[in-house]
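Q: Could we go through this protein together? I would like plain answers.

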Amino acid sequence: MDHAMHHHTGAAPGATWSTAVRATLHCLLGCAVGEILGMAVGTALLWGNVPTMALAIGLAFVFGYSFTLFAVVRAGVSPKAAVKITLAADTVSIAVMELVDNAIIALTPGAMDAQLSEGLFWYALLGGFAVAFLVTTPVNKWMIGRGKGHAVVHAHH
């Protein structure tokens with residue numbers, strides 16, 4: 001991992017808690033849209049837990065990446081370069097967010113079998129996002145401080 005840091009020493013100027021919170025909220029928005037859509041579709045279609053979670057996680061990555069990708073392209077970056085920037089900026093953040101959120105859902109008794117009309121479905125999903133936000137924010141701060149993650153995106157805003 002250190003091979004990518006050869007050009008960078010010390011903390012990046014944007015490595016504040018405020019920057020990390022904004023980056024994490026951005027990630028959370030994309031993850032939430034994708035995951036809620038995936039959970040709702042899988043649950044409504046009466047899919048099992050594994051395909052429903054797979055759809056939700058897949059859509060969380062799609063929406064999380066697309067929000068960043070569109071913003072970077074809008075800033076004038078070529079689509080090919082924008083894809084590379086987006087993957088570098090969001091992969092770890094989305095992965096941590098999804099790992100924590102889905103672990104919370106999986107570990108909440110009855111949540112995996114709850115229906116869309118049940119409070120437990122929504123409490124587990126939204127509670128998982130709250131915990132995931134708390135876990136992912138310090139990860140994003142650490143990455144931004146090393147010129148990675150959303151620090152890569154901010155160079156193009």
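A: A definition comes first: a residue is buried under 20% relative accessible area, exposed over 50%, and partly exposed in between, using a 1.4 Å probe and protein chains only. By that definition L46 is exposed, at a relative accessible area of 68%.

Q: What sort of model is it, and how are the residues numbered?
A: It is a predicted model, in which local features need pLDDT of at least 70, side-chain atom pairs count only at pLDDT 80 or more, and totals for chains, interfaces and linings use all residues. Residues are numbered from 1 along each chain as its sequence is written, and side-chain values use heavy atoms, with hydrogens and water left out.

Q: Where is L46, and what is its phi?
A: L46 sits in the loop between α1 (17-44) and α2 (49-74). Its phi is positive, at about 60°, although L46 is not a glycine.

Q: How many helices and strands are there?
A: There are five helices and zero strands, so the pattern along the sequence reads α-α-α-α-α. Helices here are DSSP runs of H or I with at least four residues, strands are runs of E with at least two, and both are numbered from the N terminus.

Q: What about the protein as a whole: how much of it is buried?
A: Of its 157 residues, 38% count as buried. The accessible surface comes to about 8100 Å², and 74% of that belongs to carbon and sulfur atoms. Such areas come from the Shrake-Rupley method with a 1.4 Å probe, and for residues only the protein chains shown count as cover.

Q: And what share of the contacts joins residues 24 or more positions apart?
A: Among contacts with a separation of 6 or more, such pairs account for 75%. A contact means heavy atoms within 4.5 Å.

Q: Changing topic, how many disulfides are there?
A: The count is zero, where a disulfide is a pair of cysteine sulfur atoms within 2.5 Å. In general, a disulfide is a covalent bond between the sulfur atoms of two cysteines.

Q: Are C27 and C31 buried or exposed?
A: C27 is buried, with a relative accessible area of 3%. C31 is buried as well, at 0%.

Q: Which residues of the largest nonpolar core touch the most other members?
A: They are C31, M39, M97, L125 and F129, in a core of 22 residues. Each of α1, α2, α3 (79-107) and α4 supplies at least two residues of this core, and α4 gives the most, with six. A nonpolar core is a set of buried Ala, Val, Leu, Ile, Met, Phe, Trp, Tyr and Cys residues joined through side-chain atoms within 4.5 Å.

Q: What does F129 contact?
A: Leaving aside neighbours within four places in sequence, F129 is in contact with L28, C31, A32, E35, I36, M97, E98 and D101. Another core of six residues lies apart from the largest one, and its members include V77, A82, I85 and V153.

Q: Going back to E35, is it buried or exposed?
A: E35, which is found in helix α1, counts as buried at 0% relative accessibility. Not counting residues up to four places away in sequence, E35 touches A56, A60, E98, D101, N102, I105, L125 and F129. E35 and E98 are 63 residues apart in sequence, and their C-alpha atoms are 8.6 Å apart.

Q: And what about A32, buried or exposed?
A: A32 is also in helix α1 and is buried, with a relative accessible area of 15%. The C-alpha atoms of A32 and G64, 32 residues apart along the chain, are separated by 8.6 Å.

Q: Which residues does T52 contact?
A: T52 is in helix α2 and is buried at 5%. Beyond neighbours within four places in sequence, its contacts are G38, M39, G42, T43 and W47.

Q: Last topic: where is the kink in α4?
A: A kink of about 25° lies at T136, shortly before the proline P138. The bend at a residue is the angle between axes fitted to the seven residues ending there and the seven starting there.

Q: What length does α4 reach?
A: Helix α4 (residues 119-145) has 27 residues and reaches 39 Å from its first C-alpha to its last, close to the 39 Å expected. The expected span is 1.5 Å times one less than the number of residues. Just after α4, G147 takes a positive phi of about 75°.
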